[in-house]
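Me: I have a structure open and would like to learn how to read a few of its features. Please take them one at a time.

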Amino acid sequence: MKSKFQPDKNGYFGQFGGAFIPELLYPNVKELEDNYIQIIESEEFQTEYKSLLKDFVGRPSPLYFAKRLSEKYGAQIYLKREDLNHTGAHKINNTVGQILIAQKLGKTKIIAETGAGQHGVATATVCALMGLECTVFMGEKDIVRQAPNVARMKMLGAKVVPATSGSKTLKDATNEAIRYWIQHPETFYLIGSVVGPHPHPDMVARLQAVISEEMKWQLKEKTGNENPDTIIACVGGGSNAAGAFYHYMDDEEVELIAVEAAGLGVNSGESAATSQLGQVGIIHGSKTILMQDEYGQIVEPYSISAGLDYPGVGPLHAFLFESGRAKYMNATDQEALDAAFELTKIEGIIPALETAHALAVLPKMTLKKDQVIVINLSGRGDKDLEIFVKHLEQ
Amino acid sequence: MNSIKNIFQTKNSQVLSIYFTAGFPNLEDTKSVIQELEKAGVDFIEVGLPYSDPLADGPTIQNSSQKALQNGINLDIVFEQLMTIKNTNKTPLVLMGYLNQMLKYGEDKFCQKVVDCGIDTLILPDLPMVEYENHYKQLFEKYGIKNVFLITPQTTDDRIKKIDDFSESFIYMVASSSITGAKGEISQQQIDYFQRIKSMNLKSKLVIGFGISDSSTFSKACEYANGAIIGSAFINFIEENGVDKIGQFINKIRK
């Protein structure tokens with residue numbers, strides 16, 4: 001049976017999705033659409049992808065029982081350790097897969113957008129691995145706040161192009177990547193999240209689905225049941241959440257919680273809680289929920305976390321939200337910082353600021369002692385040290 | 001109603017269209033730019049609806065859009081401005097914007113306003129053909145609105161034929177794989193592409209845009225198409241020289 005969370009032939013999840021692209025991009029998107037499923041499902045791809053995930057990325061990522069965190073919140077909390085992947089986040093699952101797809105399509109030049117720099121680093125990494133030319137677009141503001149990742153990308157041989165338009169963050173980096181793509185149709189746009197025109201959201205979700213695929217057997221081993229009660233993941237564009245939810249979406253008994261960045265507060269005017277503040281709109285080629293004014297002008301989002309600072313969500317998330325299948329919560333900058341410090345102190349794990357938002361909803365939930373919760377620990381916090389240190393001194 | 005169709009009925013070549021951004025350089029300039037362009041004798045005018053995230057546009061139109069938005073422009077103001085010149089302006093107008101603007105404003109409300117302003121043609125660069133077929137064709141037909149499709153050097157012949165069938169106004173031929181903005185001279189590669197499209201003998205009229213900036217690129221484009229559109233070069237000109245000098249710019253193109 002086909003899942004209702006798979007896109008239809010025009011790339012729609014319910015009313016969300018599609019491919020709202022200028023004619024200039026049609027041949028590129030069509031080429032990918034015609035080939036991606038066939039490539040992903042081929043034995044050759046699966047062999048190469050799995051081998052790279054195992055030996056290059058270091059998968060499977062552990063499912064760790066967080067004993068002290070569990071005691072503190074009165075539940076059975078497991079952390080899916082995507083932070084232990086090579087390059088420090090879940091982003092590499094997608095870039096390893098897409099670089100293989102790019103190669104099968106005969107592409108030699110890769111472009112990407114990045115917010116926190118994790119996708120940029122993961123893209124630069126696989127380009128170095130395959131000997132392909134890499135250009136990463138990054139908002140000028142993010143270049144400043146995620147400096148270590150900029151240095152890593154450069155060391156890996158990528159060209160980092162500052163996006164100076166608009167809010168100078170992830171949205172604008174994506175605009176610049178798409179404009180470059182229009183002007184250089186021979187390039188492969190290695191998109192970093194479950195956003196963009198169809199088939200990009202579905203392709204990225206399929207490549208991140210390895211997270212929930214592993215969770216199933218790991219939970220079975222540890223708890224005797226492959227289903228947890230609850231899965232929690234943070235959402236900017238939504239790729240780590242899509243991967244953590246993927247194989248559980250049709251299993252209504254598993255509660256899915258997506259956590260958005262509330263910035264200074266959902267109604268403060270400085271927020272990125274798209275599901276709470278947005279309405280149906282089109283961004284980066286996809287119909288989704290979008291933060292916009294009454295005239296459809298896109299509102300500049302805000303979050304302390306560069307990876308969640310996005311005014312839309314992927315169309316799958318818009319559908320999960322609208323259908324009520326997943327619950328959308330949010331956490332402020334301060335709540336995320338507090339959660340990051342807490343995890344560091346009681347479990348010895350420094351999470352990325354993005355991931356800290358997922359941890360930050362634990363105190364807001366009513367939990368049961370035997371409730372099995374998996375939190376997708378999407379990335380590690382090395383890149384955020386400067387922000388953490390500033391907070392430590394306050 | 002001043003329809004684009006009438007233009008091509010009386011004039012089959014050298015059709016000159018100018019694109020400008022509504023509310024730029026000043027909020028109230030929408031009207032005066034149109035009046036000056038009419039005085040200078042352009043054949044039709046594309047009114048750009050400023051958008052925060054114009055994906056198909058280069059730096060010049062991005063900047064003019066941003067300034068227009070800072071000037072306080074919005075769709076209601078643009079429609080009001082266009083209403084005030086509806087009865088005096090004889091030059092056909094085309095609206096160019098992004099789909100999200102129409103979506104958020106309300107599709108029916110948007111179309112009604114367009115028609116009320118005496119306009120019957122839209123260019124929405126991010127409206128793909130499949131969405132047009134499935135939904136917007138019916139919506140636009142209800143209001144008598146014609147949609148202009150874009151073709152590019154990468155568009156296949158089969159797809160161009162389909163676009164030709166759907167087109168009721170003209171086909172917007174994007175001159176190269178690019179976003180909007182001046183590029184200098186027209187290359188041999190572009191000429192080969194122009195020639196290829198010309199030899200397809202499409203039923204629709206062809207207007208070339210993106211990278212057309214002066215009399216040389218305009219007349220070159222007009223050798224292969226019924227006309228051409230100038231946008232970024234015009235916006236740069238009015239920013240530097242002011243709206244009252246528009247006649248000079250047009251005379252130079254037409255020389």
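Reply: Begin with a pair of charged side chains: A:K171 forms a salt bridge with B:D53, and their closest N and O atoms are 2.8 Å apart. A salt bridge here is a side-chain nitrogen of Lys or Arg within 4 Å of a carboxyl oxygen of Asp or Glu. This is a predicted model, in which local features need pLDDT of at least 70 and side-chain atom pairs count only at pLDDT 80 or more, while totals for chains, interfaces and linings use all residues. Residues are numbered from 1 along each chain as its sequence is written, chains are lettered from A and ligands numbered from 1 in the order in which they are written, and side-chain values use heavy atoms, with hydrogens and water left out.

Me: How many salt bridges does the rule find across the interface of chain A and chain B?

Reply: Two. The rule also finds 17 residue pairs in polar contact across this interface, both residues at pLDDT 80 or more. A polar contact is a pair of N or O atoms within 3.5 Å; within protein, one must be able to donate a hydrogen and the other to accept it, and residues adjacent in sequence count only if both atoms are side-chain atoms.

Me: Which elements give two or more residues to the side of chain A that touches chain B?

Reply: They are α1 (26-41), α8 (170-183), β11 (279-283) and β12 (286-290) of chain A. Helices (H or I, at least four residues) and strands (E, at least two) are DSSP runs, numbered from the N terminus. Of these elements, α8(A) gives the most, with seven residues.

Me: What is the area buried between chain A and chain B?

Reply: The size of an interface is often given as the accessible area lost when the parts come together. Buried area is that loss (1.4 Å probe), summed over both parts. Between chain A and chain B it is about 3,000 Å², and carbon and sulfur atoms give 56% of this. In chain A, A:E23, A:R179 and A:Y295 lose the most area to chain B, together 25% of what that side buries.

Me: Is B:S176 buried or exposed, and why?

Reply: Buried means under 20% relative accessible area, exposed over 50%, partly exposed in between (1.4 Å probe, protein chains only). B:S176 counts as buried because its relative accessibility is 15%. B:S176 is found in the loop between β7 (170-174) and α9 (188-198) of chain B.

Me: Which residues are buried in helix α4 of chain B?

Reply: In α4 (residues 75-84), they are B:L75, B:V78, B:F79, B:Q81 and B:L82. Seen down the axis of α4(B), the buried residues fall within an arc of 160°, so they line one face of the helix; the arc is that of the directions from the helix axis to the C-beta atoms. The face turned away from the buried side of α4(B) carries the exposed residues B:E80 and B:T84.

Technical notes: Buried area = accessible area lost by both parts, 1.4 Å probe.
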